[in-house]
Amino acid sequence: MNKKVILVIMDGSGYDAATSQCGYLEGAVELGQARRWKMITATPSLSGPMYESIHTGLWPHEHGIVSNEGMRASTSANIFSVARAAGKTTAAVAQEYFHKLYVDRPWDRLRSVEHSDPDTDIQHARFYSMEGYGPVNAMAPAEIDLCAQVTILAETHQPDYLLLHSCAADTLGHTFGGDSAEYRWQVWMIDNALSRAIPTWRDLGYEVIVTADHGMNAEKHHGGMEKIMREVPFYYFGEAESLPEDGKELSQLGIAATVLRRLEVTPADTMRPALF
Ligand SMILES: [Zn+2]
C-alpha cells in the first residue's frame with residue numbers, strides 16, 4: 001500500500017508544554033492509538049536551522065543554516081527534494097521561511113501564499129507571511145484554519161508528504177514567555193485543532209507525526225542548550241513496526257530518513273539513520 005505522511009511542526013512547543021497541555025495527543029498515547037517519545041533537537045535551537053535539520057537529517061553546522069538571519073534555499077538533500085526525485089508528490093502549509101528553503105523562487109507578496117508548481121521541491125502549498133508580527137498583534141493564523149488548508153491540499157492533490165507548520169505557540173512564547181498562561185493555552189489550541197484533523201487525515205490514508213522544532217524558556221527565548229529549549233515531543237500515529245521502546249530519547253536528525261522510509265523512498269546517504 002502506498003504510504004503517505006503528514007508531519008506537523010508545532011513551532012516552539014517544548015516537551016513539557018506539549019505533554020502537559022495536549023490532552024488529545026496524550027489521550028491517544030494512553031489509548032494505544034499513538035506513540036510518543038521525547039526528542040532532542042540539534043543546536044542552535046532556532047527555527048530556520050531546525051526546519052532544515054528536520055528535513056535534511058543534518059546538524060546546522062553541516063547544512064549551513066545556523067541562524068534565522070542566514071536563511072537561504074536549501075543546498076542539501078531533504079525530504080521534499082528526495083521525495084520529489086522519487087516521483088512522490090509534496091505539499092506544505094507553512095510560514096514563508098519554508099518557501100525560501102524549498103521553493104527557491106522570489107517571494108511575491110501578493111501571489112506566493114498560494115503555490116502550485118511540480119518543478120519545485122514543495123509542489124503544492126499555502127504559505128503565510130506573518131507580516132507585522134509583534135507584541136500588539138501576533139499575525140498568526142488560527143490552528144484550525146491551518147488544519148483546514150492541510151485537509152484541502154490532501155484531498156485536492158493527494159500528496160505523499162505533507163508538512164503542516166504552526167507558528168502561534170512560538171509567537172506567544174516570545175511575547176509572554178514559556179511559563180505563561182498564554183503560551184500554554186496556545187499549545188493546547190494546536191491540540192484542540194488536531195483532535196478534529198488527525199482522525200480525518202488518518203481516514204484519508206495518512207500516517208501523522210507531530211513534533212516541534214524547539215522549545216521555549218521563561219525568558220521568551222530559545223537557541224541555546226537548555227533542556228527546555230531542546231526537549232520536544234515526537235508523536236506517531238501509524239502502522240510502522242519495530243518502534244523504539246517507550247522512554248527512549250530520539251534524535252531530531254532521524255526525522256528526515258524516517259519520513260522517507262515511511263514513503264518507501266530511500267533516504268539520502270547524508271541523512272542520519274531513521275528512527276524506525
Ligand atoms: Zn521555531
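Tutor: Let us begin with Ser-242, which has a relative accessibility of 71% and therefore counts as exposed, the cut-off being over 50%. The model is a predicted one, and the backbone at this residue deserves attention: phi of Ser-242 is near 55 degrees, a positive value in a residue other than glycine. Ser-242 is placed in the loop between strand 8 (231-237) and strand 9 (249-251).

Asp-104 sits in the loop that runs between helix 6 (96-102) and strand 4 (114-116). With a relative accessibility of 54%, Asp-104 passes the limit and so counts as exposed. A positive phi also occurs at a glycine: Gly-177, which follows helix 8, has a value near 100 degrees. Pro-44 belongs to the loop between strand 2 (35-40) and helix 3.

Helix 8 spans residues 168-176 and is mostly covered, with seven of its nine residues buried. Those residues are Ala-168, Ala-169, Asp-170, Thr-171, Leu-172, Gly-173 and Thr-175. They pack against helix 3 (47-56), helix 7 (143-157), strand 6 (161-166) and helix 9 (181-203).

Apart from neighbours within four places in sequence, Ala-18 is in contact with Met-10, Glu-26, Val-187, Pro-233 and Tyr-235. The C-alpha atom of Ala-18 lies 9.3 Å from that of Ala-212, although 194 residues separate the two along the chain.

The cysteines may be taken next. A disulfide is a covalent bond between the sulfur atoms of two cysteines. With 2.5 Å as the limit for a sulfur pair, the count of disulfides is zero. For Cys-22, the closest cysteine sulfur is that of Cys-147, and the 12 Å between them is too far for a bond. Cys-167 likewise has its closest cysteine sulfur in Cys-147, again 12 Å away and therefore too far for a bond. Cys-22 is buried, because its relative accessibility is 1%, and Cys-167 is buried as well, at 4%.

The protein has eleven helices and nine strands, and buried residues make up 56% of its 276 residues. Its radius of gyration is 17 Å, which agrees with the value near 19 Å that a compact globule of 276 residues would have. Along the principal axes, the C-alpha atoms fill a box of roughly 45 × 45 × 35 Å. Of the contacts between residues at least 6 apart in sequence, 69% join residues at least 24 apart. The accessible surface comes to about 11,200 Å², and carbon and sulfur atoms account for 49% of that area. Finally, the protein carries 23 positive and 36 negative charges, whose mean positions are 3 Å apart.

Definitions and conventions:
Residues numbered from 1 in each chain as written. Predicted model: local features only at pLDDT ≥ 70, side-chain atom pairs only at ≥ 80, totals over all residues. Heavy atoms only, no water. Helix = DSSP H or I, 4+ residues; strand = E, 2+ residues; numbered from the N terminus. Rg over C-alpha atoms; globule rule 2.2 N^0.38 Å. Buried < 20%, exposed > 50% of the residue type's maximum accessible area, 1.4 Å probe, protein only. Contact = heavy atoms within 4.5 Å. Areas by Shrake-Rupley, 256 points an atom, 1.4 Å probe, with all protein chains shown as cover. Lys, Arg positive; Asp, Glu negative; His and termini not counted. Charge placed at Lys NZ, Arg CZ, Asp CG, Glu CD.
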